[in-house]
Amino acid sequence: MDTSKGLENIDGVVWFDGQYVDWKDAKVHVLTHTLHYGLGVFEGVRAYSTTQGPTIFRLKDHTDRLFESAETVKLKIPYSKDEINKAQIEVVKKNKLEEAYIRPMCFYGSEGLGLRADNLKVHCIVAAWYWPSYLSPELYEKGIKVKLSSYTRQRGNKVSRSKVNGNYVNSIVALNEALEAGFDEALMLDTEGNVAEGSGENFFMVKEGKIFTPDVEASLNGITRKSIIDLAKNEKIDVIEKKISPEEVIQSDELFFTGTAAEVLPITHVDKNKISDGQRGPITKILQSKYSSHVRGENILFPEWLTNISVSYTHLTLPTNREV
Ligand code: PMP
């Protein structure tokens, strides 16, 4: 799949309101409500190449979260979870992808504008394309430098911790602030001054052999976060959810981020401070390897996390208006 001419020029198909449409025809009008006000919900999902063929990681959990985000902002998705699951599987298949980033999104259309518009239809898309690595591969070994952000994550507000389109303005400005200052990523605090998360990643700290992570009152309830907690517990490593201050972060032994796109990413510096010896820590390395092998279908501990697309839905007939 060639993405070099921009994401709008890929040869393929997008699932759009129940139909498989040509990628280049998957367009909306400039008066699309969500484009103006950011009220939409989305997910970021990944399919990995495994010996059994392409396999989607935690498909059901991502779809459940999409519907939870929608419920939080009272957006009614006009499809069932099953239909959204099938669409994700089919876009990977129809676009002949071995590995994929999958993007489901539900948004309001251009039926009306203004905050009081009450005639809006909810539209849904699912696109999938090849997106190999979120950051340059060497950083997964070397680790990244993060900047404590001047932008905060609001604590206790369910909307701002959901996967709602408009929330990502805050993440992008925080990320850009960090990049402009020469860092790789932002680390945002919550409105009480404790550590929350990165622009698109959950945060973990290791101290004296134990793992600590902030609760999810000011951050997204990350699916990679949950997976890492389960994988760590399986390694008999204690995982404790608690408020974490920036001072504790600087005194820690290891730090890492987790996310569908970022996977497990070591953090070696916070502002000017080196964490421990400034190298990826041993627990981070173990969890990186456990996560990476699990998503690729090796050393499977939780088979329910994996949806193999070549076998799982072959019996289903899918709504489609054209064969590709
Ligand atoms: N926090 C934010 C703000 C995110 O956008 C993401 C990416 N979805 C994460 C954390 C990590 O969540 P997940 O592991 O479910 O991808």
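**Notebook: rings and a nonpolar patch**

I began with a charge over a ring: K94 lies over the face of Y20, 4.9 Å from the ring centre. A reminder to myself: this is a predicted model.

Next I looked up ring pairs. I describe each one by the distance of the centres and the angle of the planes. The count came to 12 aromatic pairs. I opened the one formed by F42 and Y168, which is edge-to-face, at 5.0 Å centre to centre and 65 degrees between the planes. F42 belongs to strand 3 (residues 40-42) and Y168 to helix 5 (residues 168-180), so this pair ties together parts 126 residues apart in sequence. Then I checked cover: F42 is buried, at 9% relative accessible area, while Y168 is partly exposed, at 21%.

Buried or exposed, I wondered about F57? F57 is buried, with a relative accessible area of 4%, and W305 is buried as well, with 3%.

Last, I turned to the surface. V30, L31, Y37, L113 and L115 make up a nonpolar patch there, and their accessible area together is about 510 Å². I picked out L31, which lies in the loop between strand 2 (19-22) and helix 1 (33-37). L31 is partly exposed, its relative accessible area being 41%.

How values were computed: Residues are numbered from 1 along each chain as its sequence is written. This is a predicted model: local features need pLDDT of at least 70, side-chain atom pairs count only at pLDDT 80 or more; totals for chains, interfaces and linings use all residues. Side-chain values use heavy atoms; hydrogens and water are left out. Patches are made of residues with over 30% relative accessible area and no salt bridge: like charges are joined within 9 Å, nonpolar side chains (Val, Leu, Ile, Met, Phe, Trp, Tyr) within 5 Å. Accessible areas come from the Shrake-Rupley method with a 1.4 Å probe; for residues, only the protein chains shown count as cover. A salt bridge is a side-chain nitrogen of Lys or Arg within 4 Å of a carboxyl oxygen of Asp or Glu. Helices (H or I, at least four residues) and strands (E, at least two) are DSSP runs, numbered from the N terminus. Buried means under 20% relative accessible area, exposed over 50%, partly exposed in between (1.4 Å probe, protein chains only). Rings of Phe, Tyr and Trp (its six-membered ring) pair if their centres lie within 6.5 Å; planes under 30 degrees apart count as stacked, over 60 as edge-to-face and the rest as tilted. A charge sits over a ring if NZ of Lys or CZ of Arg is within 6 Å of the ring centre and within 35 degrees of the ring normal.
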